[in-house]
Amino acid sequence: MLFEHFAEIINVLRRNKLRTLLTALSVSWGMLMLALLLGAGNGLENGVRWEFRRNDLATIWVWTSRTSIAYAGRQPGRDIKLTNDDYEAIKREIPGVKVISGKYSFWGEFQVKVGTKHSAFTVNGVHPGLLTIEQIELLRGRFINQADINHRRKIAIIGSKVSEILFAKKNPLGELIEIRSQNYHVVGEFADEGSEADQRTIYVPITTTQLAYQEPNRIHALAFTVGNVSVTQSQHIAEQVLSMLRIRHHVAPNDLRAIQLYNNLKEYNKIMQIILWVRVFMWIVGAGTLLAGVVGISNIMLIAVEERTREFGIRRALGATFKSIVGTVMVEAALITTLSGYAGLVSGVFLIELAGSFLKNTPYMRSPSVDIGVTLVAAGLLVLAGIFAGLFPALRAARINPVEALREGQ
């Protein structure tokens, strides 16, 4: 009985091939667009997470510039410089700070030599805490320790690209590299999945760079982590640090340029909120496109019911029940919707996976995909869409008066 029922539905669909095809295409296109939009939303989220991967999300960066407001008898335009004392004060007096590091940076790159080989690389003086803050992956050896800081040792931790250029496949540990006529022992090699510029970096103890460049108390930037806290708590600790530094350097409380701050967690949360709304918008657009296709199917089914008025009238006259008529039309609509929607979903997932193979290293759009949860939701939408598409035509068919239907067919 069930087989005969489905055979009848297939026969009806085959008699109206073009109409069935066009109807199915609208739903298939709606489901395809929904899959593509949701996949793009996942790609955006993956891209943002990737961009923030290098630093602990609980990291806050602080750097300085010139004052823009006169304060406490001092004119604007003063150059504010962070110091070792600022580093120690934050470490000692701000309870929420977990790990901290200063950074002594140089503009541009420096020529680094090993025998006859040489190339230009970025050189940064840092504290041991940077290993945790920037989540540096050591391949060999060790990172900077407190003894290196205290004794101003001339040691270096080199990036994988630096090692490749200067040492080829040779183990660089224990070798000497020359930076601005000063020799440094290589004690570690690290990997970085970021840009090539990150891999072309050399870290040395910050006190060594301060001494070598005759700025024994100078720090260009500070970075610290605040642990597993909320955005509000993170920003509160950041404001405490900002307030302390303004007091120490006699900066006006409303001078936003002199001492600047970047809170990773706060900025990450802002971006993720935007992405959330983008994904909601994508769901609305995709679902709207799918709904338009479903409405199209419903309208086509209404036309089909009109064309089959005599047929349904005869069925009612021969004793067909209200339930059987409704079931026939609804199953027909659900079959078109489900099969065409499934085809659109499969096509969308295929295109997303294909795009993902080409977007592995694209900034802010990385490895787009459609997860299993979204697939199940989409399948549920298809079922509901099929029921909705067939409901009104089915009720119309079931309410046909047999006498009027037979009279209309004469």
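# Burial, contacts and packing in a predicted model

Student: What is the phi value of Ala72?

Tutor: Ala72 is not a glycine.

Student: Where does Arg180 lie, and what is its phi?

Tutor: Arg180 lies in the loop between strand S8 (176-179) and strand S9 (182-191); helices (H or I, at least four residues) and strands (E, at least two) are DSSP runs, numbered from the N terminus. Arg180 is partly exposed, because its relative accessible area is 48%. As a residue other than glycine, Arg180 has a positive phi, near 50°.

Student: How many helices and strands does the protein chain have?

Tutor: Of the 410 residues of the protein chain, 44% count as buried. Among the contacts (heavy atoms within 4.5 Å) with a separation of 6 or more, 78% involve residues 24 or more positions apart. The secondary structure of the protein chain consists of 14 helices and 13 strands.

Student: With which residues is Lys81 in contact, leaving aside its neighbours within four places in sequence?

Tutor: Lys81 is found in the loop between strand S1 (59-64) and S2, and a relative accessible area of 38% makes Lys81 partly exposed. Its C-alpha atom lies 8.5 Å from that of Trp63, which is 18 residues away in sequence. With the sequence neighbours set aside, the contacts of Lys81 are Thr64, Asp86, Arg218 and His249.

Student: Which residues of H3 are buried?

Tutor: The buried residues of H3 pack against strand S2 (82-83), S3, H8, S11, strand S12 (221-225) and H9. These buried residues are Asn84, Asp86, Tyr87, Ala89 and Ile90.

Student: At what angle do H3 and H9 pack?

Tutor: Two packed helices are described by the angle between their axes and the distance between the axes. For helix H3 (residues 84-93) and helix H9 (residues 231-248), the axes are 11 Å apart and the angle is about 140°.

Student: Which word describes the packing of H3 relative to H9?

Tutor: On the H3 side Asp85, Asp86, Ala89, Ile90 and Glu93 meet Val241, Met244, Leu245 and Arg248 of H9. Axes are lines fitted to C-alpha atoms, for helices over the stretch in contact, with angles from 0 to 180 degrees between N-to-C directions. Angles under 35 degrees count as roughly parallel, over 145 as roughly antiparallel, 65 to 115 as roughly perpendicular and the rest as oblique. The packing angle of about 140° makes H3, relative to H9, oblique.

Student: What kind of aromatic pair do Tyr104 and Tyr213 form?

Tutor: Rings of Phe, Tyr and Trp (its six-membered ring) pair if their centres lie within 6.5 Å; planes under 30 degrees apart count as stacked, over 60 as edge-to-face and the rest as tilted. Tyr104 in strand S3 (residues 99-105) and Tyr213 in the loop between helix H8 (206-212) and strand S11 (218-219) are 109 residues apart. Tyr104 counts as buried because its relative accessibility is 3%. The ring centres are 6.5 Å apart and the planes lie at 15°, so the pair is stacked.

Student: Which residues do ring pairs link into a cluster?

Tutor: Phe143 and Tyr203 form an edge-to-face pair, with 5.9 Å between centres and 65° between planes. Phe143 lies in the loop between strand S6 (137-141) and helix H5 (146-150), and Tyr203 lies in strand S10 (residues 201-205), 60 residues apart. Both Phe143 and Tyr203 are buried. The cluster linked by ring pairs consists of Phe143, Phe190 and Tyr203.

Student: What distance separates the C-alpha atoms of Leu261 and Trp61?

Tutor: Leu261 is found in strand S13 (residues 259-263), and with a relative accessible area of 23% this residue is partly exposed. Beyond four places in sequence, Leu261 touches Ile60, Trp61, Val62, Trp63, Ala238 and Leu242. Leu261 and Trp61 are 200 residues apart along the chain, and their C-alpha separation is 5.7 Å.

Student: How far apart in space are Pro368 and Leu36, C-alpha to C-alpha?

Tutor: Pro368 is found in the loop between helix H12 (322-358) and helix H13 (372-398). At 6% relative accessibility, Pro368 counts as buried. Pro368 and Leu36 are 332 residues apart in sequence, and their C-alpha distance is 9.0 Å.

Note on methods
Residues are numbered from 1 along each chain as its sequence is written. This is a predicted model: local features need pLDDT of at least 70, side-chain atom pairs count only at pLDDT 80 or more; totals for chains, interfaces and linings use all residues. Side-chain values use heavy atoms; hydrogens and water are left out. Buried means under 20% relative accessible area, exposed over 50%, partly exposed in between (1.4 Å probe, protein chains only).
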